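Morning, everyone. Let me bring the model up.

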Amino acid sequence: MNYLNLAPILLLPSLCFAQKSPIQYVNPYIGSAPAVTESARRHSEGASELRGQISPVIGHPHGMTTWTPQTRSTETKCIAPYYYNDPKINGFRASHWLNGSCVQDYGSMAVMPVSGKLKVLSDERAASFTHTQEVVTPAYYSVELLESKIKAELTATQRAGLLRFTFRQKEAAYLVIEPNSDEGEGYVEIFPERKEIVVFNPVHRIYQGAGQPAGFSGFYVLTFDKPFKSYGTWKFNGVQQAEKQAKGDGRRDHVGAYVEFEQEKNLIIDVRVGSSFTDLEGARRNLNAELSTLNFDQIKQKAEQAWNLELGKVKVKGTEQDKTVFYTALYHAKHTPRLFSDVDGRYPGFADDTQIYTANGFDYYCDFSLWDTFRAAMPLHALLEPKRTGHMMQSLTKKAEQGGWMPIFPCWNQYTAAMIGDHVASVVADAYAKGIRNFDVQSAYQYLRKNAFEANKDPKSYESGKGRRAMESYLKYNYIPLEDSVWQAFHKREQTSRTLEYSYDDFCLSTLAKALGHTEDQKTLALRAANFRNVIDPQTGWARGRYADGRWSPNFNPFALRASFITEGSPAQYTWFVPHDIGGLMKIMGGRAPFIAKLDSMFEKGYYWHGNEPGHHTAYLYSYGGAPWKTQRWVRQLIKEEYTADPGGLSGNEDGGQMSSWLVFSMMGFYPVCPGKPVYILGSPSFNELSVTMPNSKLFKIIATDNSPANAYIQSASLNGKPFSKPYLTHDQLIKGGTLVLKMGPKPNETWGNNAPELSSDF
């Protein structure tokens, strides 16, 4: 395995080596193999949740199209393009995989070199490889294909890729091009006179309207640096020599094209590929604008520079392994949302809108896995990249304007009701609370308000994913009763989890309403933010299902791995999802002592599950109950147990960057427990020293003296030279820059940070 440039540069006889750049610490293999953690085996439901579902992503941060070796040729749900344990590669994919998800790739295509006899089907053309002959970084990939003795190399820009294939033996040399259409609707056309192939792969929806056309395609223009000796197309396994065009008929037959080149020892073929979601001309313009006349090494260097600029916003001092885990997590956090607009700003209209729009003054993004990413990934973007975050907020606003409702979980440039909640309210409110203003917040608010105040009574558009699920019940009862199943969603019950999440979303929207002067809305939403109280059983202190007449669900076990009224977890795990009013939750439980005791039961008895997102903030809640030292203990333990530098080093699906964003924040030493409130709860930093470059170029430093694996506990602290005793930081403190010094030790200081009652108020 060679994921770094492992050859050190000797500068001085005293064995001083050149400082590594952040990209050199990234190991893109992490998350591409089954999880090795005990919690994953204990809590996961289904084999997919035992995987990080990560493919090595070669390209640029938030790129439109990324490149990856392909060990699975399908776009089937829950099958990633690449798995570390697979023995063969059957292509090199232009991918739109939602990193670390259990969804599906879309609009993708693959190129595969073949020598000797022409083989077109993925299983037949697949070539063996070893990880010892792979090099994978965020900007570059190479591998030796063993039987054919071909070296494949990849690098990329935001919207285009450059592939290089070296045929080491003098024998027939082919490239096979396949649109990865599981439905068999791909299209290829060969233009031998200009050494060009065009490809498109129609995109199909998932969840709402599953299998229906999404209204756009993945478009590609491929240009080659050498003329074709021969060419042809194929459909299923029937090769048509000299045929220039092939189109799938939708019967799940695979189609593609091939080109042959003159035999030559060490023949090198460069393939430039422009991509677009708009049209073929868009793909051609993207290719010309981003690849132009730059050579392979120049494009690779620009990709390295892009990643180092992005990752270098945070500089850390610590062990080499900690740096690898940290910078890989930061890299994983920066794949999605995905750039969707072309270099000229053009992009296809959202959902059923068939117009082509132009993004003026912003980049248009898609693939917001918001049920996952509102927790830490989107706040991480808001902290490190507020300008881009504003573009993302404007993208969400434009989707609402084009589709009529603010999308809750927009993926594949479509509405979905894939997950529960309405967390678009969280990300917009959080961005605004943190000073992000480069989007049309007034328009955004009107559509957020529509989600929160109106039940969509149009059956067709509701089924397509527009509007909150079960909204009529929520408005009537102030919770969603067990009688109300939601058949027009991927998750069809889960009433208690929905209530908890809407309560939080209403809080977030209330803060935005207040900031914008919508006083009456603010009052109504603030009252609804207390709806969580209606599904926390005061007798047990746990979240519980409730009927319309007020009765609680029978045969209640808070620690059952799954309950029908809870999303992907146990009632105990979901009880803590009241991030906006921990004080209110504490009162229901009977005060600080029962609150802490219940938290202890989660962690000490193994009921906490880190591999799924709803509990990601839970370890930080000890600080609300006056025991921040327990937050310090468990955050350190979770970092150690749930993340490693191995391919199986994620304990659950990456889910759009959320698993890794938790790690980024936690290793830095603070975490956004309640997005919408510009506050971060302190944990226990992994590094002796780190600095974050803020967008205004100011630095915020954290220095942890005497830090070590054994010294996980904060003994004392100072902020900008003055004693500091609060277990949290505000966003304003970070943005202004400064230095937080933490004195670390091996035993808890139970008095430090134990008096912060404002955390449990409306602070």
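The criterion for a disulfide is a pair of cysteine sulfur atoms within 2.5 Å. C411 is also buried, at 0% relative accessibility. Buried here means under 20% relative accessible area, exposed means over 50%, and partly exposed is in between, with a 1.4 Å probe and protein chains only.

Next, C674. This residue is in no disulfide either; the nearest cysteine sulfur, in C508, sits 5.7 Å away. C674 is buried too, with a relative accessible area of 3%.

A quick word on the source. This is a predicted model, where local features need pLDDT of at least 70, side-chain atom pairs count only at pLDDT 80 or more, and totals for chains, interfaces and linings use all residues. Residues are numbered from 1 along each chain as its sequence is written, and side-chain values use heavy atoms, with hydrogens and water left out.

C78 and C102 are joined, S to S 1.6 Å. The link is right-handed, with 90° about the S-S bond.

What does the pair tie together? Parts 24 residues apart in sequence, because C78 lies in the loop between strand 1 (66-70) and strand 2 (88-89), and C102 in the loop between strand 3 (91-95) and strand 4 (109-115). Strands are DSSP runs of E, at least two residues, numbered from the N terminus.

Both ends are buried: C78 has a relative accessible area of 15%, and C102 has 17%.

How values were computed: Helices (H or I, at least four residues) and strands (E, at least two) are DSSP runs, numbered from the N terminus.
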